[in-house]
Structure formats: structure tokens, C-alpha cells
Amino acid sequence: MSFLSFFLGEKKKSASVAKERLQIILAHERSGRNASEPDYLQDLQRDLIAVISKYIKINPNDIKVNMERQDNLDILEVKIELPDAR
């Protein structure tokens, strides 16, 4: 977000806002703890359910968020099962 757009109240698209939030969360977690499952995953899952529910009817159990660590890599896995379009 630029300095000018902050003061002008320019709206950002939800995808870019979500991307920024994920980057902040991941950076915070990388610099912080070494927990096996970060505590923000439940919050992230709730946020995803809320956003997707605005557009389609979805079962909250159909969204899974998981974090895996392999060597120096953190892998954020998000599985979303969408209902049939029928």
C-alpha cells in the first residue's frame, strides 16, 4: 500500500489484501516460534470459510489448512472442496 493511497482511502482488492496478510503471518511465524502447528492456522481457516461463504454455500469441514516443514522450507497447504455446480 502506498503512502498516498493510504490517505486517499483507495480500496484494495481482496486477493491482494489476503496475500499481504499471509505474508505478514508467515514472516511473523518464521521469526517467532518453532511450534509444530502454528496457532494462526485456525484463524486462517475461519477467515477462508467466511470469505468463500460470501460467494458460495460451503461446508466448513470442506476447508483444510495445514503447515508442513521440509528442511528450510515452510509449506502452507490449503485444500478447499467446492460443491458441484449442479
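Two residues are in contact when heavy atoms of theirs lie within 4.5 Å. In this predicted model, residues 24 or more positions apart account for 31% of the protein chain's contacts with a separation of 6 or more. The chain holds three helices and two strands. From the N terminus on, the order of these elements is α-α-α-β-β. Of the 86 residues in the chain, 16% are buried. The accessible surface amounts to about 7,400 Å². Carbon and sulfur atoms hold 54% of that surface.

The largest pocket was examined next. Rolling a probe the size of a water molecule over the atoms shows where empty space is left. The largest pocket has a volume of about 410 Å³. Its lining consists of 14 residues. Ser-14, Ala-18, Arg-21, Leu-48 and Val-51 are the closest of these to the pocket centre. Three elements each supply at least two lining residues: α2 (14–31), α3 (40–53) and β2 (73–80). The largest share comes from α2, with seven residues. By residue type, the lining divides into 11 nonpolar, one polar and two charged.

Helix α3 also contributes buried residues. This helix has 14 residues. From its first C-alpha to its last, α3 reaches 20 Å, close to the 20 Å expected at 1.5 Å a residue. Its buried residues are Tyr-40, Leu-41, Leu-44, Gln-45, Ile-49 and Ile-52. An α-helix has 3.6 residues a turn, so residues three or four places apart point the same way.

Gln-45 has its place in helix α3. Its relative accessible area is 17%. The cut-off for a buried residue is under 20%, so Gln-45 counts as buried. Leaving aside neighbours within four places in sequence, Gln-45 is in contact with Pro-60, Ile-63, Lys-64 and Val-65. Asn-66 lies 21 residues from Gln-45 in sequence. The two are 9.4 Å apart in space, C-alpha to C-alpha. Arg-46 is in helix α3 as well. With a relative accessible area of 48%, Arg-46 is partly exposed. That class runs between the 20% and 50% limits. Arg-46 and Pro-60 are 14 residues apart along the chain. Their C-alpha atoms are separated by 8.3 Å.

Lys-64 is partly exposed, at a relative accessible area of 46%. Not counting residues up to four places away in sequence, Lys-64 touches Gln-45, Glu-77, Val-78 and Lys-79. Gln-45 belongs to helix α3, whereas β2 covers residues 73–80. Lys-64 and Lys-79 are 15 residues apart along the chain. Their C-alpha atoms are separated by 5.1 Å.

The loop between β1 (63–70) and β2 holds Asp-71. Asp-71 is not a glycine, yet its phi is positive, at about 55 degrees. Its relative accessibility is 84%. Exposed means over 50%, so Asp-71 counts as exposed. In Gln-45, by contrast, the relative accessible area of 17% marks a buried residue.

How values were computed
Residues are numbered from 1 along each chain as its sequence is written. This is a predicted model: local features need pLDDT of at least 70, side-chain atom pairs count only at pLDDT 80 or more; totals for chains, interfaces and linings use all residues. Side-chain values use heavy atoms; hydrogens and water are left out. On a 1 Å grid over the protein atoms alone, a cavity is a set of points where a 1.4 Å probe fits but cannot get out, and a pocket is an open set with protein on both sides within 12 Å along at least five of seven lines; lining residues have an atom within 4 Å of a point. Grid points are joined across faces, edges and corners, and a volume is the space filled by probe spheres set on the points. Helices (H or I, at least four residues) and strands (E, at least two) are DSSP runs, numbered from the N terminus. Ala, Val, Leu, Ile, Met, Phe, Trp, Tyr, Cys and Pro count as nonpolar, Asp, Glu, Lys and Arg as charged, and the others, Gly among them, as polar. Buried means under 20% relative accessible area, exposed over 50%, partly exposed in between (1.4 Å probe, protein chains only). Accessible areas come from the Shrake-Rupley method with a 1.4 Å probe; for residues, only the protein chains shown count as cover. The expected span of a helix is 1.5 Å times one less than its number of residues.
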